[in-house]
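Open the model in your viewer and keep the selection tool at hand. The tour below goes stop by stop.

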Amino acid sequence: MSTFKAPKGTYDLIPPYSAKYLAVRDAIAAPLRKAGYGYIETPGFEDVNLFARGVGESTDIVTKEMFTLTTKGGTNLALRPEGTASVLRAALEASLHKKGNLPVKLWYSGSYYRYERPQAGRYRHFSQVGAEAIGAEDPALDAELIILADQAYRALGLRNFRILLNSLGDKECRPVYREALQAFLRGLDLDEETVRRAEINPLRVLDDKRPEVQKQLVGAPLLRDYLCDACKAYHEEVRALITAAGVAFEDDEKLVRGLDYYTRTTFEFVHGGLGSQSAVGGGGRYDGLSEMIGGPALPSVGWALGVDRTVLALEAEGIELDIPPATSVFAVALGEAKPVLFALVTELRKAGVAADISYGGKGLKGAMKDANRSGARFAVIAGDRDLAEGVVQLKDMESGDQSPVALADVVEVLRGKLA
Ligand code: HAM
């Protein structure tokens, strides 16, 4: 062991376990790629104010959870706690929105950082795959994103998840509701911090999980009853489109999410097997974010799915992903056969066959152990005598059958057998 360990709240992805993460990322990205989303990559850190303004000054993410740093030049940066603000910043910077191609549909995959109290499913470094559709106000776009996330989870085999859906209203109706809620909250017996929160961000109080708070929230005004006609109609259309697609969801009037930029549609994917950190993904519409970070009005919608929690959800459901072994053919060279088999392995790889060879001068027993461990379907074994006869021994690792094959034919024979 080294003197160092992975920092608190982080963990390493090591083979063969890491293959699951690649497979999950691919599975989430696949439906997005087929729906016209282009891949975007942004830096791991940004101007701290992008998140302060975008995600919200009073959110937990900004007040407590950002990893911030000051450069030698005096610039204040933050490791990105989420992707939406960065992606929108990048789209605006590249003027993607000016090219008459709205909505701009983008997907991303990467590492995010939040200084949270670590627990199962909650880390300080985690991974998301996300999608953002920028610059269109169209219920079909909200529906498309929810359907694509559902498709990704189903393709992975997940079944024990629910989709919670809500509308947070817009700049017309939310302020009216906010005031009504604040008036209600002022009448409750709350601790000092919650009283403060009720003044800054009253909707977040609805999200308070403590029973003594929840008990008092019975009878709180519901945003549903305050939605303006436009928001109501919009929400009904989103619901109708998702329903028509056969995607089941639940209306959750108390779903507020932990980021301030949301307007209208908000949703969360929650998994039944994860304990308290049950949200495997979430998202919604953020019609005002572009203006909040200095851009033009660009109504947008998006989501991010947590890769770490999706992997935990797969484990909770006992789902084994169909991950093909990394190696199809493993070469075992005896005596002077190493250079010949090494060349053969290179040739196999060029021909598209995943191939590996035993290293470190092992004998037959050790090298065959390597072959077993690699998960290869076939082993190619050769010693001096085989080479003198112009053959290698081809061993089927499943049946144990072994037979000589002419060295000149072995690439074609293996390609045929593996096809
Ligand atoms: P979020 O709900 O903060 O939304 O995060 C999305 C997902 O990332 C969560 O559902 C969870 O699976 C995962 N996640 C968040 N924090 C952690 C953590 N500390 N450890 C492990 N996993 C975590 C957003 O980030 C928004 N940007 C989503 C969005 C995109 N909204 C619109 N567009």
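Before you start, note that this is a predicted model.

**Stop 1**

Start with S95. Its phi is positive, about 55 degrees, although S95 is not a glycine. Most residues other than glycine have a negative phi. Look at where S95 sits: the loop between α4 and β5. Is S95 buried or exposed, or something in between? S95 is partly exposed because its relative accessible area is 22%, and the buried class ends at under 20%.

Next, select R264. This residue also has a positive phi, about 50 degrees, and is not a glycine. R264 belongs to strand β9, residues 263-271. With a relative accessible area of 7%, R264 is buried.

Now look for two cis peptide bonds. Most peptide bonds are trans. Select P15 and P16: the bond joining them is cis, with omega about 0 degrees. P16 is placed in the segment before α1 (18-33). Then go to L102 and P103. The peptide bond from L102 to P103 is cis too, with omega near 0 degrees. P103 lies in the loop between α4 (84-93) and β5 (104-113), and S95 is in that loop as well.

**Stop 2: E82**

Select E82, in the loop between β4 (76-79) and α4. Which side chain of opposite charge is nearest to E82, and how far away is it? It is R114, at 5.7 Å. E82 is buried and has no salt bridge, because a salt bridge needs the charged atoms within 4 Å.

What does the E82 side chain reach instead? Draw two distances. One runs to the backbone nitrogen of T84, at 3.2 Å. The other runs to the backbone nitrogen of A85, at 2.8 Å.

Now show the surroundings of E82. Leaving out residues up to four places away in sequence, E82 touches F51, V55, Y112, R114, L259 and Y261.

**Stop 3: the annotated residues**

Colour the following set. An unreviewed UniProt entry places the feature "binding site" at E82, G83, T84, R114, Q128, E132, R257, Y261 and Y262. Of these residues, E82 and G83 are included in the lining of the largest cavity.

**Stop 4: R114**

Move to R114, in the loop between β5 and β6 (125-134). R114 is buried, with a relative accessible area of 14%. Which backbone oxygen lies 2.7 Å from a polar atom of the R114 side chain? That oxygen belongs to P81.

Then show the contacts of R114. Beyond four places in sequence, R114 touches I61, E65, F67, P81, E82, Y123, R124, F126 and Q128. Two of these names, E82 and Q128, are also in the UniProt "binding site" feature.

**Stop 5: Y262**

Finish at Y262, which UniProt also lists under "binding site". Y262 is placed in the loop between β8 (250-251) and β9. Y262 counts as buried because its relative accessibility is 4%.

Apart from residues within four places in sequence, Y262 is in contact with L168, R174, R257, G283, G284 and R285.

Technical notes
Residues are numbered from 1 along each chain as its sequence is written. This is a predicted model: local features need pLDDT of at least 70, side-chain atom pairs count only at pLDDT 80 or more; totals for chains, interfaces and linings use all residues. Side-chain values use heavy atoms; hydrogens and water are left out. Helices (H or I, at least four residues) and strands (E, at least two) are DSSP runs, numbered from the N terminus. Buried means under 20% relative accessible area, exposed over 50%, partly exposed in between (1.4 Å probe, protein chains only). Lys and Arg count as positive and Asp and Glu as negative; His and the chain ends are not counted. A polar contact is a pair of N or O atoms within 3.5 Å; within protein, one must be able to donate a hydrogen and the other to accept it, and residues adjacent in sequence count only if both atoms are side-chain atoms. Contact means heavy atoms within 4.5 Å. UniProt positions are given in the numbering used here, feature names are shortened, and annotations may be inferred rather than shown by experiment. On a 1 Å grid over the protein atoms alone, a cavity is a set of points where a 1.4 Å probe fits but cannot get out, and a pocket is an open set with protein on both sides within 12 Å along at least five of seven lines; lining residues have an atom within 4 Å of a point.
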